[in-house]
Amino acid sequence: RAQQLPPHILAATSSPKGPCSEMAPRRLSLLAALAAGARAHEHFLLLGGNDEPNPAVLGYIPVPLDSSYSDVRLDVEGKVPSYLNGTLYRGAPGHWPDGWWLDGLITLNAFRFSQGSVSYSMQWSKDEAYNRTVAGTAPNPPAPMGPVPGAIPHPANSSWPTGVAFRQVQGQILGSTGISNANSFDAATLQPLEMPFVYSDDLGAPFLAPTHEQTIDGHVVHHLVTGMQKGSGGVPSYVVYTIKPGTRTRDLVAKIEHPKESSPLAGYPSFQHMPLLTSEYYVMLEAPCYYPETVTSVGEVDWKGWGSNPLAGGHVRLVSRATGESIVYPLKSTVFAMHHINAFHDGNNLIIDTIQTFPWFVPCSEAFKGLDMDSYVDNWKKIGSGFAMSKLVRLTLPLDRPGATVAAQPLSNVTGMEFPTISYDKLNGKPYRYAWGCWMSSAKAPYYDALLKLDVQTGASTSWKVDGHYPGEPIFVPSPEGKSEDDGVVMTNVLDTLKNQTYLVLLDGQTMKQIGRAGPTPHVIPHGFHGRYYDRKLNAAAETAAAVWV
């Protein structure tokens, strides 16, 4: 760990335009110590931290705000399957102006495959928060009221840092975050196209919304949350919509005002990071967790202002895609989940597989207070033990008994799995068997240090782990000639803290054995969020639907 660090870290400590100019003295001490090549133990003590250094601290080092890379050819070891001719897109925070990890400015990272070769590109998301940070200007103040009833009190064309997750609408790739305003970017250059992407309807913007959408058969389904912030106006509601293939029009499915099941007294809609979808239902897992009323600057969240009401209990809401009517199933114990695995129909039942992030009795309003950078870097033992608590659970909803109380059942005895993915394009909303995810191999790990493959039918699991390496969310790409669900490649970027670098790993989807790798990338990619692999335009107009990106 005393090896020389990558050039971008050294530059970050000296460049007047670099991210360190706005960082607190404690973070400057960390960077200076890293740049000097000090041993981890020594630079950790410089911070006044605990008696042990954070082994994964390299993933929290900022990326210079003026850096970018275009089509850098990576060294390849092993095998790159010939059917990989698309691009893996990955979002990762690289600078944290307000000191909260989830509020980070976003780097857009792309690993492009072509005939056995892999190239790498990176651009910053050139949104409003990034531009004002680079310029050193103050954020625009909130407006007295939202541009439309129920909206966030900021201009409709405001652009947030996006790239926490990705989707396609009308053939354009959109980076998203927990706001309805998503930004589209060029698939090849990563340069901005529409900041934000403009829909052709009158629903308006900007609204609170889940970071993730759901896509089945070209239909994008999502929801907005209205009326939750001071000055928003309107009625606290869910607004569920669908976008037909080839369009950018959000067609209304349902408007659910004052959802009393989520919040019996106030009728507040719950915070949801991710919904689920089947051929018949839009699936919402409602926990008694509520958005802050505070209106913050674009790119920031009042992480200390979240609301909770454990007495309200948890529910599953099924919204009919055909009629917009809701069926609500109370849960025996609340299940708060950031990331779900899948939902599907099984006879008269609807099955939901998800990851319970923390125990039912922990309010999100307390859990979210620990998402600041100081906690991630310094209080890593507590953060790691919290990550390791997540549980895999299954909810079985009897469709022939609407409103029946449902109890979560263990899906596996594995704990500490997160960022789950499946063979999404083929099996989202359908019966499936395998899931892949990041894994805390030990409660003593500082961050996700392994990858896990889970058999949801048997509960069995297989893992991949290299000491000192921290992988991102795994993305599964099926083989076009595969005869089994798991016949394909699992890919992700990996942070190697022993060599202070990042590389792309390719694993056999069946055995979880490494078949190839590419790298190192020209800079260290910090601990990141989500990714998607695309090799063609999706949900596009008919004349471009077959277009392939190479």
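1. Strand β26, which covers residues 450-455, pairs with β27 in the antiparallel sense, and the pairing runs over 5 bridges. Within this pair, Leu452 has Ser463 of β27 as its bridge partner. Please keep in mind throughout that the model is a predicted one.

2. These two strands belong to an open sheet of 4 strands, in the order β24-β25-β26-β27, with antiparallel pairing. Its edges are formed by β24 (417-421) and β27 (461-465), each of which pairs on one side only. From one strand to the next, the twist averages 25 degrees.

3. A further open sheet of 4 strands has the order β14-β15-β18-β19, and here too the pairing is antiparallel. The edge positions are taken by β14 (276-277) and β19, and because each has a single partner strand, one side of each is left without a neighbour in the sheet. Inside the sheet, strand β15 (residues 281-286) and strand β18 (residues 315-320) pair in the antiparallel sense over 6 bridges, with Leu285 standing opposite Val316 in β18.

4. Where does His339 lie? The residue is placed in the loop between β19 (326-330) and β20 (340-346). His339 counts as buried because its relative accessibility is 7%, which is under the 20% cut-off.

5. Which side chains make polar contacts with that of His339? The side chain of His273 is joined to it by a polar contact of 3.2 Å, and the side chain of His530 by one of 3.1 Å. Leaving aside neighbours within four places in sequence, the residues in contact with His339 also include His212, Met274, Thr354 and Ile355, together with Glu418, Phe419 and Pro420.

6. How many disulfides does the structure hold? There is 1 disulfide, and it joins Cys289 to Cys364 with an S to S distance of 2.1 Å. The link between Cys289 and Cys364 is right-handed, with 95 degrees about the S-S bond. Since Cys289 lies in strand β16 (residues 289-290) and Cys364 in helix α5 (residues 364-367), the pair ties together parts that are 75 residues apart in sequence.

7. As for the accessibility of the cysteines, Cys289 counts as buried at 1% relative accessibility, and Cys364 is likewise buried, with a relative accessible area of 3%. Cys438 counts as buried as well, at 2% relative accessibility.

Methods
Residues numbered from 1 in each chain as written. Predicted model: local features only at pLDDT ≥ 70, side-chain atom pairs only at ≥ 80, totals over all residues. Heavy atoms only, no water. Pairing = 2+ DSSP bridges. Axes fitted to C-alpha atoms, helices over the stretch in contact; angles between N-to-C directions. Buried < 20%, exposed > 50% of the residue type's maximum accessible area, 1.4 Å probe, protein only. Polar contact = N/O pair within 3.5 Å; in protein donor to acceptor, adjacent residues only side chain to side chain. Contact = heavy atoms within 4.5 Å. Disulfide = S-S within 2.5 Å.
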